[in-house]
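This report is for a reader who has not seen the structure before. Please look at the sequence and the model below, then read on.

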Amino acid sequence: MPAELSKLEKNALIAEYNWFLQNELPSFVETLNTVLESCLSKFFLREPSNTIASPEKYTFTSPTNPDSIKGSVTVFQNFVLFADLQIRYSSGASQVIRANIREDEPWKIKQIQDCGNHIKNIYTMISNPASELSFTESSDILNFIESIQSTLNHALTSLNNPENLTTEDFISDAQRRIFNPPLLNEHSIIFQVSGSQLLLFATVSKFVVEVGKKPDPSTQSFLLREIIKKYGKVETTHSIVGKCSIPWLDSVIDTIYFALDQCQMIHSKVLTFEEYSITSSTTNI
């Protein structure tokens, strides 16, 4: 517990708190507004004409076998617009799989879209007129900062923590239909993001019917997950991972960390004021 302040010290701290409310807090909001606005320009928004992002072409490499994946993708904001890929499986699966994506039906990268939505939510909240963000109570400031921190962490998690997909997820993914030529039933390709890396997962799977169970023709109308659940399981027989770096995602991640640092500085300062029972705008004692 901090030592008790003299009247002079308490008045000095009150003056500092009032200065903080009138100057430092608005400056913090303005800084956050500027960096998030720049960050948002890289994402897909309702008004793409206001963005500064442009399509970029990236080449995939495989960390384990350079010959297993050849080709490139063109990425624009949260879409894979084009893909021209050749995938060669080892261990007996010797055929080369060609996979292409066209601009008229791009692959949507949900993680990037989610990250952009979180950042946009913060930007919308702090872009209110200054009068609406005029705080006096320390508890209101803390709630405001903690809400921003939580949303920033959600944005970061969207990029850094791709979903852990099962074999069933791969073969039943709705976006597999966009590939041209169509993928064979046993082949799957999925794009995910991990940090600033775009990952390509290519798999070959087989359906294993459990002993004593035999699908009948009517199962053709079932959802794939229902068939698996009723008659057996799906096993992955071959898999390949390719990756490429997306530099602008590095910039987004750096912006999020910068914003989190700024939030933490303000949050810690308000807690310090609260330690000395300075919790609202007031005059000298």
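Which residues does Pro-26 touch, not counting residues up to four places away in sequence? With that exclusion, Pro-26 touches Phe-20 and Leu-21. The model discussed here is predicted.

## Pro-26 in helix 1

Helix 1 covers residues 7–40, and Pro-26 is found in this helix. The relative accessible area of Pro-26 is 38%. Pro-26 is therefore partly exposed, as that class lies between the buried limit of 20% and the exposed limit of 50%.

Pro-26 can also be placed against a residue elsewhere in the chain. The C-alpha atoms of Pro-26 and Leu-133 are separated by 8.3 Å, and these two residues are 107 residues apart along the chain.

## Ser-138 in helix 3

Ser-138 lies in helix 3, which spans residues 138–160. With a relative accessible area of 2%, Ser-138 is buried, because buried means under 20%.

Not counting residues up to four places away in sequence, Ser-138 touches Tyr-17, Val-270, Glu-274 and Thr-279. With Glu-274 there is also a polar contact between the two side chains, at 2.7 Å.

## Aromatic pairs

The structure holds nine aromatic pairs. For Phe-135 and Phe-144, the ring centres are 5.0 Å apart and the planes are at 40°, so this pair is tilted. The tilted class applies because stacked planes are under 30 degrees apart and edge-to-face planes over 60. Phe-135 and Phe-144 are both buried.

One aromatic cluster is formed by Phe-60, Trp-107, Phe-179 and Phe-191.

Methods: Residues are numbered from 1 along each chain as its sequence is written. This is a predicted model: local features need pLDDT of at least 70, side-chain atom pairs count only at pLDDT 80 or more; totals for chains, interfaces and linings use all residues. Side-chain values use heavy atoms; hydrogens and water are left out. Rings of Phe, Tyr and Trp (its six-membered ring) pair if their centres lie within 6.5 Å; planes under 30 degrees apart count as stacked, over 60 as edge-to-face and the rest as tilted. Buried means under 20% relative accessible area, exposed over 50%, partly exposed in between (1.4 Å probe, protein chains only). Helices (H or I, at least four residues) and strands (E, at least two) are DSSP runs, numbered from the N terminus. Contact means heavy atoms within 4.5 Å. A polar contact is a pair of N or O atoms within 3.5 Å; within protein, one must be able to donate a hydrogen and the other to accept it, and residues adjacent in sequence count only if both atoms are side-chain atoms.
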